Amino acid sequence: MLSPIQVLCSDITTLSLEPEPFASYTEADIISTVEFNHTGELLATGDKGGRVVIFQREPESKTEPFSQGEYNVYSTFQSHEPEFDYLKSLEIEEKINKIRWLPQQNAAHFLLSTNDKTIKLWKVSERDKRPEGYNLKDEEGRIKDISTVTSLQVPVLKPMDLMVEVTPRRVFANAHTYHINSISVNSDYETYMSADDLRINLWNLDITDRSFNIVDIKPANMEDLTEVITAAEFHPHHCNLFVYSSSKGTLRLCDMREAALCDKHSKLFEEPEDPSARSFFSEIISSVSDVKFSHSGRYLLTRDYLTAKVWDLNMESKPLETYQVHDYLRSKLCSLYENDCIFDKFECAWNGADSVIMTGAYNNFFRMFDRNTKRDVTLEASRESSKPRAVLKPRRVCAAGGKRRKDDISVDSLDFTKKILHTAWHPTENIIAIAATNNLYIFQDKLNSEMH
């Protein structure tokens, strides 16, 4: 069982994609997605420069059998390049929007990566042997003169230094008019879906030239457009069910057995709005930026600008639980609107037991909520907290004008340029990955200790 929400670390691994601790970074270096594979042995990150970096967990040390292996760089490759759509006079960024791993079927690993328009399937494999003794080629690979071949030899495999090969296997393109915001692999392991602002498409992993449109919310007249799709995900166990969220704060559960086009949802999850709390910013902050099924498939976790919510699939009228992520920002919504921070899209994550949820905030803070004890903690991803055998100290933000205690941080001194948008949780262990601008922090809880 996983420990409660305290990430009290006897050993912290911090990985930076920059070689120097204080090296300047470019826009292309900013991490845009983080994803563990199904076993947690591999961790992939994508950045705004179109690169994918895969980290592998090292095996446990023989001298320290109880120590967890650290994550080290396994492979780096360029997934997407910048493109230009000449028909629409539109530049297509190389930024990786999402990465999704396929369950491992053999020695190789497969992952899907997408930018705004094109999804690619990549094969990641290892090679530690090379064939030698060709009949028709010489040692340097050149074709021999057949007249010089006087005998036949059997090629043999000889050991070589381990080499990780990443090869593109499929390219799924030209199916989205708008920017792709989500991809999700189905539990049948044969299909996956991709979602943009107005449509969701269903793909077969082996077929690249066609997909099936399963959701289309585009109105006949674009002036009538009132909401857009913000995220979508398949149910972890039932291949016919999926959910998508909208900018109006609603969730729609769809069943592909009911109709080929799932424009009519099976269930609508929506929290009634409190008229007394309505303001100019109400619609903006209620937009759902991420939705995740729990590992059990019973619950949905959503994130809007100020809160994280847990929904029960059997209760549509209101969320089962609501957690305030940074309620102290309510007084700052006007300035956050002016600097566009109010449109930031924070992600959320479940732990392996579905008992704790995690999501990001500003000032490189991230929040964790224990669903059983209702305790919560604010932690910081920073170079100061990334020293080996360090302990992550809980942080506390003091609202403007509020009583301030020692070590409290005033909401007025928060750095809104430092934001934790992308997080991931190991599927079975208390290991979390936090993307902070161009740095990747991996925190490992080895003490199995509780929060005070």
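This is a predicted model: local features need pLDDT of at least 70, side-chain atom pairs count only at pLDDT 80 or more; totals for chains, interfaces and linings use all residues.
**View 1. The aromatic pair F172 and W203.** Among the 19 aromatic pairs counted in the model, the one formed by F172 and W203 is edge-to-face, with 5.3 Å from centre to centre and 75° between the planes.

**View 2. The aromatic pair Y362 and F416.** The rings of Y362 and F416 also form an edge-to-face pair, for which the centre-to-centre distance is 5.0 Å and the angle between the planes is 75°. Here, too, distant parts of the chain are linked: Y362 lies in the loop between β25 (356-360) and β26 (365-370), F416 lies in the loop between β29 (409-410) and β30 (422-425), and the two residues are 54 residues apart. Y362 counts as buried because its relative accessibility is 2%, and F416 counts as buried because its relative accessibility is 17%, the cut-off being under 20%.

**View 3. A cluster of aromatic rings.** F280, F281, Y337 and F343 are joined into a cluster by ring pairs.

**View 4. The open sheet β12-β13-β14-β15.** Four strands form an open sheet in the order β12-β13-β14-β15, and their pairing is antiparallel. The edges are taken by β12 (182-185) and β15 (212-216), each of which has a single partner strand, so that one side of each is left without a neighbour in the sheet. On average, and with direction ignored, neighbouring strands of this sheet are turned by 20° against each other.

**View 5. The pairing of β14 with β15.** The strands β14 and β15 run antiparallel and are joined by four bridges, and N201 stands opposite N213, a residue of β15.

**View 6. The whole protein chain, for context.** The secondary structure of the protein chain comprises two helices and 32 strands, and 51% of its 452 residues count as buried. Of the contacts in the protein chain with a separation of 6 or more, 55% are made by residues 24 or more positions apart. The accessible surface of the protein chain is about 22900 Å², and carbon and sulfur atoms contribute 50% of that surface.

Note on methods:
Residues are numbered from 1 along each chain as its sequence is written. Side-chain values use heavy atoms; hydrogens and water are left out. Rings of Phe, Tyr and Trp (its six-membered ring) pair if their centres lie within 6.5 Å; planes under 30 degrees apart count as stacked, over 60 as edge-to-face and the rest as tilted. Buried means under 20% relative accessible area, exposed over 50%, partly exposed in between (1.4 Å probe, protein chains only). Two strands pair if DSSP finds at least two bridges between them. Axes are lines fitted to C-alpha atoms, for helices over the stretch in contact, and angles run from 0 to 180 degrees between N-to-C directions. Contact means heavy atoms within 4.5 Å. Accessible areas come from the Shrake-Rupley method with a 1.4 Å probe; for residues, only the protein chains shown count as cover.
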